[in-house]
Amino acid sequence: VQLQAFGGGLVQPGGSLRLSCAASGRIFSSAVMAWFRQAPGKEREFVALTRWSRDSTLYADSVKGRFTISRDSAKNTVYLQMNGLKPEDTAVYFCARGSQWATQRNEYRFWGQGTQVTVSS
């Protein structure tokens with residue numbers, strides 16, 4: 001399985017971006033797809049996750065109500081819609097695939113290359 005994340009960019013505070021994560025290869029229905037982010041000098045942190053075959057989702061408190069994770073099984077793609085962006089959302093965003101409903105990064109075996117999101121005026 002290979003993951004490719006894209007859609008990052010520079011946006012003003014309060015703006016929106018939609019990140020995409022295209023997956024190649026077979027994704028089992030039990031798979032969990034997640035987004036993490038890493039700001040300069042900080043640890044990689046959990047953002048959101050969803051189960052590939054269901055609408056179940058989980059969000060970090062810092063993004064709840066602003067970010068929405070979704071997936072399109074036909075396109076093998078997971079999305080992260082980010083609204084109400086804040087400067088503290090600035091980070092490299094990574095998509096990941098695992099098999100456990102987990103927020104710890106070591107539970108995820110497959111990772112995309114990351115896409116930079118910068119929120120600044």
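User: Why is Asp-61 called exposed?

Analyst: In this predicted model, Asp-61 has a relative accessibility of 66%. Exposed means over 50%, so Asp-61 counts as exposed.

User: And what makes the contact between Lys-64 and Asp-61 a salt bridge?

Analyst: The N to O distance is 3.1 Å. The rule asks for a side-chain nitrogen of Lys or Arg within 4 Å of a carboxyl oxygen of Asp or Glu, so the pair of Lys-64 and Asp-61 qualifies. By this rule the model has 6 salt bridges.

User: Why are Arg-66 and Asp-89 called buried?

Analyst: Buried means under 20% relative accessible area. Arg-66 has 14%, so it is buried. Asp-89 has 1%, so it is buried as well.

User: What makes Arg-37 a salt-bridge partner of Asp-89?

Analyst: Their closest N and O atoms are 2.9 Å apart, and the cut-off is 4 Å. Arg-37 belongs to strand 4 (residues 32-38) and Asp-89 to the loop between strand 8 (77-82) and strand 9 (91-98), so the pair ties together parts that are 52 residues apart in sequence. Arg-37 is buried too. There's also a network of salt bridges here, linking Arg-37, Glu-45, Arg-66 and Asp-89.

User: Moving to the sheet, why are strand 1 and strand 7 called edge strands?

Analyst: The sheet is open, with 4 strands in the order 1-3-8-7 and antiparallel pairing. Strand 1 and strand 7 each pair on one side only, and that's what makes them the edges. On average, neighbouring strands of this sheet are turned by 15° against each other, direction ignored.

User: How do you know that strand 1 and strand 3 pair?

Analyst: Pairing takes at least two bridges, and strand 1 and strand 3 (residues 17-24) have 5, in the antiparallel sense. Leu-3, for one, has Ala-23 as its bridge partner in strand 3. Strand 7 and strand 8 also pass, with 6 antiparallel bridges; there, Thr-68 is partnered with Gln-81 in strand 8.

User: What makes the side chains of strand 1 alternate?

Analyst: Look at which way they point along residues 2-6.

Notes
Residues numbered from 1 in each chain as written. Predicted model: local features only at pLDDT ≥ 70, side-chain atom pairs only at ≥ 80, totals over all residues. Heavy atoms only, no water. Buried < 20%, exposed > 50% of the residue type's maximum accessible area, 1.4 Å probe, protein only. Helix = DSSP H or I, 4+ residues; strand = E, 2+ residues; numbered from the N terminus. Axes fitted to C-alpha atoms, helices over the stretch in contact; angles between N-to-C directions.
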